[in-house]
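Reader: I would like to learn how to read a structure like this, feature by feature. Could you walk me through it?

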Amino acid sequence: MSKVIAILPGDGIGPEIVREARRVLEVLQKDGLDIAFEDAPLGGAAYDAYGSPYPEFTQNICRRADAVLLGAVGSPQYDNLDRPLRPERGLLAIRKDLNLFANLRPAVLYPELANASTLKPEVVSGLDILIVRELTGDIYFGQPRGISVNENGEREGINTMRYTESEIRRIGHIAFAAAQKRNKKLTSVDKANVLETTELWKEIMTDLNREYPDVTLNHMYVDNAAMQLVKNPKQFDVVVTGNIFGDILSDQASMLTGSIGMLPSASLNETGKGLYEPSHGSAPDIAGQNKANPLATILSAAMLVRYSLNNEQAACRIEKAVGKVLQQGYRTADIAEKGMKIVSCSEMGDAVINAM
Ligand code: NAD
């Protein structure tokens, strides 16, 4: 039976970049990959069609699908809507609905784009890190929380860092499995010298390592990880960490690459189903102009093929094609250096398809 991919273009540049990623997937389909597409709106587009940013129509398609490919949501025309109706709520709702607890954010710096980074080219050129961040637990969700008046009559803010063993195990499995598909090196980031929650985290990661003996596991305190990411980022392969540390470290790692139009992401649940989307937003300033860089979305489609369709070979085929078009000198405006010829969103899509 065909694997079903829900296609959610969203708003702004979403439809343009998703069109190119879909064309790339159609090349694989023509070559025998057994996939089918179902289209649905999300965000502002869904509000316009159904009066809700994540309507039942879209819910049904996404729940049935094996994977979801999303562009981006949001546009200034929706900024005055009531909060529950705003496009960004659609994104939070779909993540919750599909129970997407594992966020995978690669930070890859293609040698041709080394000048886009603020770090020295020799430090970052060829960088290829995958950050696996737990997305539904930790201090962002732990109870008790809130601001109240304490016994001394002073206002006090409280948040609670909390992880259960099963929550740590399920993100650990995702990270070890991802490391097995890469260079078999996993760094677990914690603050076990101070925080008991992460002492448990460290203990469970060590225990899980027995199920993945081919993966080399090391542990690093989060403060050191932040330093090492800037000092010698190429020492990392896969990094696994909790929600708050991952929030910060994944943004730090992505900025090592310097170019927002190149960064894919995946959010997975326990069955391997995932939502795949570029890390950037809907770029309303360039929407509808065929100027956007589609590569982050095309690379998100490659992640979809790898993690939800389990087809490493086809995923590599897309990633290699992206590397090749950069080598050939194709650049959209956001990644072009002075004097380089600039191609449109659809021309970049054409170039990737030719390179495949
Ligand atoms: P943004 O990422 O949309 O844009 C920031 C800058 O980067 C803009 O100058 C934009 O033109 C540029 N840019 C982004 N993606 C690009 C691409 N693929 N190619 C070329 N240039 C690109 O962030 P923003 O301006 O803060 O937000 C715009 C809208 O996007 C808002 O409504 C926001 O809520 C929404 N947003 C959505 C998501 C999401 O859907 N996951 C994430 C972030 C922001």
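Author: Happy to. This is a predicted model, and the protein is divided into domain 1 (1-101 + 269-356) and domain 2 (106-263).

Reader: How far apart do the C-alpha centres of domain 1 and domain 2 lie?

Author: The C-alpha centres of the two domains are 25 Å apart. As for contacts, 26 residues of domain 1 touch 20 residues of domain 2.

Reader: How do I read the area buried between domain 1 and domain 2?

Author: The size of an interface is often given as the accessible area lost when the parts come together. Here, the area buried between domain 1 and domain 2 is about 1900 Å², and carbon and sulfur atoms give 60% of that area. On the domain 1 side, Phe101, Tyr307 and Leu326 supply 31% of the area buried against domain 2, more than any other three residues.

Reader: And how many salt bridges does the rule find across the interface of domain 1 and domain 2?

Author: Let us take the general idea again. Side chains of opposite charge can pair when their charged atoms come close. Across this interface the rule finds 1 salt bridge. Glutamate 270 forms a salt bridge with arginine 170, with their closest N and O atoms 3.8 Å apart; the cut-off is 4 Å. The rule also finds 6 residue pairs in polar contact across the interface.

Reader: Which elements give two or more residues to the side of domain 1 that touches domain 2?

Author: Those elements are α10 (295-307) and α11 (312-327). By class, that side of domain 1 has 11 nonpolar, 8 polar and 7 charged residues.

Reader: What about salt bridges in the whole structure?

Author: A search of the whole structure finds 19 salt bridges. One to look at joins arginine 169 and glutamate 165, whose closest N and O atoms are 3.1 Å apart. Both residues lie in helix α6 (residues 165-180), 4 residues apart, which is about one turn of the helix.

Reader: How many aromatic pairs are there?

Author: The count comes to 4 aromatic pairs. Among them, tyrosine 47 and tyrosine 78 are edge-to-face, at 6.3 Å centre to centre with 80 degrees between the planes. Tyrosine 47 lies in helix α2 (residues 44-50) and tyrosine 78 in the loop between β3 (67-72) and α4 (87-97), so this pair ties together parts that are 31 residues apart in sequence.

Reader: Backbone angles next, please. Which residues does a cis peptide bond join?

Author: A cis peptide bond joins glutamine 143 and proline 144, with omega at about 0 degrees. Proline 144 sits in the loop between β5 (128-134) and β6 (146-149).

Reader: And which residue has a positive phi although it is not a glycine?

Author: That is lysine 184, with a phi of about 60 degrees. Lysine 184 lies in the loop between α6 and β8 (185-190).

Key
Residues numbered from 1 in each chain as written. Predicted model: local features only at pLDDT ≥ 70, side-chain atom pairs only at ≥ 80, totals over all residues. Heavy atoms only, no water. Domains from an automatic or database assignment. Contact = heavy atoms within 4.5 Å. Buried area = accessible area lost by both parts, 1.4 Å probe. Salt bridge = Lys/Arg side-chain N within 4 Å of Asp/Glu carboxyl O. Polar contact = N/O pair within 3.5 Å; in protein donor to acceptor, adjacent residues only side chain to side chain. Nonpolar A, V, L, I, M, F, W, Y, C, P; charged D, E, K, R; others polar. Phe/Tyr/Trp six-rings, centres within 6.5 Å; stacked < 30°, edge-to-face > 60°.
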